[in-house]
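Here is a short report on helix packing and aromatic contacts. Look over the chain first, then read on.

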Amino acid sequence: MAQESPKNSAAEIPVTSNGQLEDSHEHSFNRDLKCSLPVGLGLSETKITSHGYDSAKEGVVEAGPFPSSSASPKSSVISPSSAAASRLAGQGCDLMIPTGGRAQQKSGPVVLADEVKNPAMEKLELVRKWSLNTYKCTRQIISEKLGRGSRTVDLELEAQIDILRDNKKKYENILRLAQTLSTQLFQMVHTQRQLGDAFADLSLKSLELHEEFGYNADTQKLLAKNGETLLGAINFFIASVNTLVNKTIEDTLLTVKQYESARIEYDAYRTDLEELNLGPRDANTLPKIEQSQQLFQVHKEKYDKMRNDVSIKLKFLEENKVKVLHNQLVLFHNAIAAYFAGNQKQLEQTLKQFHIKLKTPGADAPSWLEEQ
C-alpha cells in the first residue's frame with residue numbers, strides 16, 4: 001500500500017509503493033543535486049542555474065532562508081524561469097526566496113552603467129586632434145612658400161605690423177648706442193674723479209704749485225659731478241626705452257604672432273573646406289563637409305578675434321610710444337646740451353623736471369648699525 005509523507009509548504013517528495021524514492025534518471029540527477037547542497041542552505045541565499053535538461057531555456061532560481069512557522073505559504077515564491085528549475089523544486093530541494101524576492105531573469109543582453117571616462121583615451125584624442133591640426137597648418141605653410149596656396153591678407157594691418165617691426169629694430173639700435181655711451185661716460189667720470197684726487201694730493205705736497213694743482217683738482221671734480229648727473233639722465237633714458245622696446249612692443253608682437261598662427265589655421269581649414277566642396281556630394285562626403293564647415297567657422301571666429309586684438313594693441317602702442325619717446329628725447333637733449341655747455345644749474349633742473357634722483361656713492365651699502 002502506498003505510503004504518503006506529509007506535505008511541505010515548499011516542496012513535495014514523491015515516493016513508490018514500498019516507501020523508496022523514485023529511481024529514475026531524472027530523479028537521480030535531482031537527488032545528487034540536493035545532496036550536493038550545503039547543510040546551512042536556509043541561512044544564506046543560493047543561486048542555481050538550470051541549463052535545461054527538459055527545456056531549451058536557461059533560468060536562475062534563488063534560494064533563501066526557510067520562512068518562519070507563522071508565515072503563510074504565499075510568503076515564499078519560487079521563480080520558475082525554466083521547467084527544469086520547477087522540477088527541482090518539486091523533488092524536495094527547498095528552493096525558496098524571501099518575500100519581495102530579488103530573483104531576476106539573468107539571461108539576455110546585459111545593460112552596463114555609463115562607462116567611466118578613461119584619461120588615457122582623452123589624452124590620445126587630444127594628441128590626435130593636435131597632430132591633425134599641425135599637419136593641416138604645415139601643409140598650408142609649405143603651400144604658401146611654394147606659391148601654390150592662397151593666404152588671407154589684411155593690407156592695412158599688415159602694413160602697421162611691418163612698420164612696428166622696423167621701428168623695433170631702429171629703437172634697439174638707439175638703445176644699444178645709448179648703453180655704449182653710458183659705459184664710456186661712466187669710465188670717463190671714473191677717470192676724472194681719480195684725476196681730481198691726484199691733483200688734490202699734489203696740491204698739498206707741492207707748495208710751489210699748490211694753486212695750479214688746486215684749480216685742476218676742482219675742475220676735474222666738477223666735471224665728474226656733472227658727468228654723474230648726465231649719467232643719471234642717460235641711464236633713465238635707457239631704462240625707459242628698454243621698457244618700451246623689450247616689454248611693451250614685445251608684448252604687442254607676441255599678440256601679432258598669435259594672430260599669424262590663427263590666420264594660418266583659418267586658411268588651412270578654409271582650403272580644406274574648399275577642396276571638399278569641389279568634390280562629389282554623397283552620403284559619405286556630406287558628414288565630412290558639415291564637420292569641416294563647423295571647424296572652419298570656429299577658426300574664423302578665432303581669426304577675427306585675434307585680428308581685432310592686434311588692431312587695438314597697435315593703436316594703444318602708438319599712443320604710448322609717442323608719449324614715452326617725446327619725454328625721453330626732451331630729457332636726453334636738455335641733459336646733453338646743459339652738460340657740454342657747462343651749465344650745472346640747468347643740468348640739475350632737467351633732472352628735477354623728470355623726477356630723477358641720483359644715487360650718492362655708497363648709498364646702496366648698508367650702515368654698520370644695519371649690519372649688526
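## A buried aromatic pair

Phe-199 and Phe-213 are both buried. The model is predicted. These two rings form an aromatic pair with a tilted geometry. Their centres are 6.1 Å apart, and the planes make an angle of 35 degrees. Phe-199 belongs to helix H4, while Phe-213 belongs to helix H5 (residues 210–278), so the pair ties together parts that are 14 residues apart in sequence.

## Other aromatic contacts

A second pair joins Tyr-339 and Phe-340. This one is edge-to-face. The ring centres lie 4.9 Å apart, with 85 degrees between the planes. Phe-340 is exposed, because its relative accessible area is 65% and exposed means over 50%.

The whole structure contains 6 aromatic pairs. One aromatic cluster is made up of Tyr-259, Tyr-266, Phe-296 and Tyr-303.

## How H4 packs on H6

Two packed helices are described by the angle between their axes and the distance between the axes. Helix H4 spans residues 155–205, and helix H6 spans residues 285–341. Their axes come within 12 Å. They cross at roughly 30 degrees. Angles under 35 degrees count as roughly parallel, and H4 and H6 are therefore roughly parallel to each other. The crossing of H4 past H6 is left-handed.

Which residues in H4 and H6 meet? On the H4 side they are Leu-157, Gln-160, Ile-161, Leu-164, Asn-167, Tyr-171, Leu-181, Leu-185 and Met-188. On the H6 side they are Arg-307, Val-310, Ser-311, Leu-314, Leu-317, Lys-321, Leu-325, Phe-332 and Tyr-339. By type, the residues of this contact divide into 13 nonpolar, 3 polar and 2 charged.

## Leu-223 and its contacts

Leu-223 sits in helix H5. Its relative accessible area is 31%, so Leu-223 is partly exposed. Which residues does Leu-223 touch, leaving out those up to four places away in sequence? They are Gln-192 and Tyr-339.

How values were computed. Residues are numbered from 1 along each chain as its sequence is written. This is a predicted model: local features need pLDDT of at least 70, side-chain atom pairs count only at pLDDT 80 or more; totals for chains, interfaces and linings use all residues. Side-chain values use heavy atoms; hydrogens and water are left out. Axes are lines fitted to C-alpha atoms, for helices over the stretch in contact, and angles run from 0 to 180 degrees between N-to-C directions. Helices (H or I, at least four residues) and strands (E, at least two) are DSSP runs, numbered from the N terminus. Angles under 35 degrees count as roughly parallel, over 145 as roughly antiparallel, 65 to 115 as roughly perpendicular and the rest as oblique. A crossing is left-handed if the near helix is turned anticlockwise from the far one by less than a right angle, and right-handed if clockwise. Contact means heavy atoms within 4.5 Å. Ala, Val, Leu, Ile, Met, Phe, Trp, Tyr, Cys and Pro count as nonpolar, Asp, Glu, Lys and Arg as charged, and the others, Gly among them, as polar. Rings of Phe, Tyr and Trp (its six-membered ring) pair if their centres lie within 6.5 Å; planes under 30 degrees apart count as stacked, over 60 as edge-to-face and the rest as tilted. Buried means under 20% relative accessible area, exposed over 50%, partly exposed in between (1.4 Å probe, protein chains only).
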